Amino acid sequence: MSHHSDENAIYTSTDSFWEVGNYKRTTKRIEDGNRLCDDLMKLVSERAEIEKMYAKSLKEWAKKWNNIIEKGPEYGTTEAAWKGVLMEAEQRCDLHMRVKENLINEVHSNVKQWQRDNYHKSMMGQLKEKKDIEDMFKKAQKPWSKLFEKVNKSRADYHNACKSERSAQNQERNAGGDSSLSPDQRLQLVKKLQDRVSKAKEEVSRGREKYDVCLNEISEYNPKYIEEMTHVFEKAQEAESKRLIFFKDMLFATHKCLNISNDPSLPRIYEEFNHTVANADYEKDLKWWSNNHGVNMPMNWPSFEEYSEEFRDISSKGKRGGQIPEGITLLNQRTVGDDLPEYTPDLHRISKKAPKGAVSGGGDVTLTSVKGPSNHTSATSKSENNRHSAISDPQESQDASNPFDEEEDPHSQNNGVSGDDDEWDYSDRMVDPNKPGVPVRALYDYEGVEADELSFKVGEVFEKLEDEDEQGWCTGRKDGRIGLYPANYVEFA
């Protein structure tokens, strides 16, 4: 019986580093190191962005609540304690912005620079460091790879020869027991098969010898192969060790940036916070309230006042009850009699440029010269009946010229002043916003001077809510807004 391996015996790969091409996992690690630099930079930049957004949220929150607290009912040292919470947020905002800056400057920038220094891409996009190590591995493995191919070929040849020998022996055994052949035929067939078995044994012997030679050759070369591959592998390990050490340093730097417990400003933030809250003194707050809004406030108690006759101040803004501008001079005062002149429309024409306080009337008209910022001239009528007559005819008002172009009373050379002593104040007038109004149309353009006046253009239609008062002003509603307007500037629509 020949000496050969079992037919089921095959070469089993161990997926070892030493096998052909398995060094590529080591060279791929170089490429992975470059990608890990990108990943670490992305990780750090995203965390820095989180710190930035957190700081921004703290700042916006502090600003929002600062406005709420300042407009709210809290007061005194307790209000300051509320704001202490906001001060902590603003200081934490600054702290987290520093964390963000440190992450970018001390970690992200260093990783980016280290990547540039240690990984260089060729024109084809391949890393030079990876290609260099790969070429060295190929050079060290090439001789051994050729020997390994010879071993694999001789092993295959040997196994095929063994298989052929086994087949020939089976055929020889079966031919000897074949009863379908004559004895002479059977004898000739057996002899022929015996020659085939003999040749197969020779092939097995030669294959075994060649297989043994190849194994000896590769075995002799293994030490040198191991040495050269180890040398290249150590170079790859050295480069990887630099990356691992650097990454460790960068992770420590990240820890330092994020560990705000070591920041000297952090204890101060909460010391100030604690001090601010501790300063809240309810007794001081209650005393302040009592002095400013309570029983400790000063009071001008009523006392007897002797009557003294004096002229009241006259203002062109009498309807508001506002302050009289500096420079108002009372030029003249005279008594107005009951002998009113006959009403004529010419006396009541109103200029399109008439000031809001100018209302014409029959008879004597008295003027107040206002030497203030507005330089307006206001006029009041002696007769309420005549004043209503002045606006009863809208057509005449539209075509009117300045009423003060008419001939003045010779007794009123200095534009005298007359009228009631009462000052009209409409600031407290309350009008139901849902009250139905009467449509009116503007005869002239009017631009509101005060905040409670309406503005309109010629031809615009709006609603009148209340009738004209003694000062010649009506209350109306335009575009949902309620305000005052001169009665002689409109007509019924």
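**Exercise 1.** Which residue forms a salt bridge with D32, and how far apart are the closest N and O atoms?

*Solution.* Work in the predicted model. Start at D32. Its salt-bridge partner is K28, with the closest N and O atoms 3.1 Å apart. Next, check the cut-off. A salt bridge needs a Lys or Arg side-chain nitrogen within 4 Å of an Asp or Glu carboxyl oxygen, so this pair qualifies. Now place the pair. Both residues lie in helix 1 (residues 24-71), 4 residues apart, or about one turn of the helix.

**Exercise 2.** Find the salt-bridge partner of E217, then locate both residues.

*Solution.* The partner is K150, and the closest N and O atoms are 3.2 Å apart. E217 sits in helix 4 (residues 183-258), while K150 sits in helix 3 (residues 128-176). They are 67 residues apart, so the pair links distant parts of the chain. Finally, check accessibility. E217 is partly exposed at 30%. K150 is partly exposed at 41%.

**Exercise 3.** Classify D479 and K478, which meet in a salt bridge.

*Solution.* Their N to O distance is 3.1 Å. D479 has 73% relative accessibility, so D479 is exposed. K478 has 14%, so K478 is buried.

**Exercise 4.** How many salt bridges does the rule give?

*Solution.* The count comes to 22.

Key:
Residues numbered from 1 in each chain as written. Predicted model: local features only at pLDDT ≥ 70, side-chain atom pairs only at ≥ 80, totals over all residues. Heavy atoms only, no water. Helix = DSSP H or I, 4+ residues; strand = E, 2+ residues; numbered from the N terminus. Buried < 20%, exposed > 50% of the residue type's maximum accessible area, 1.4 Å probe, protein only.
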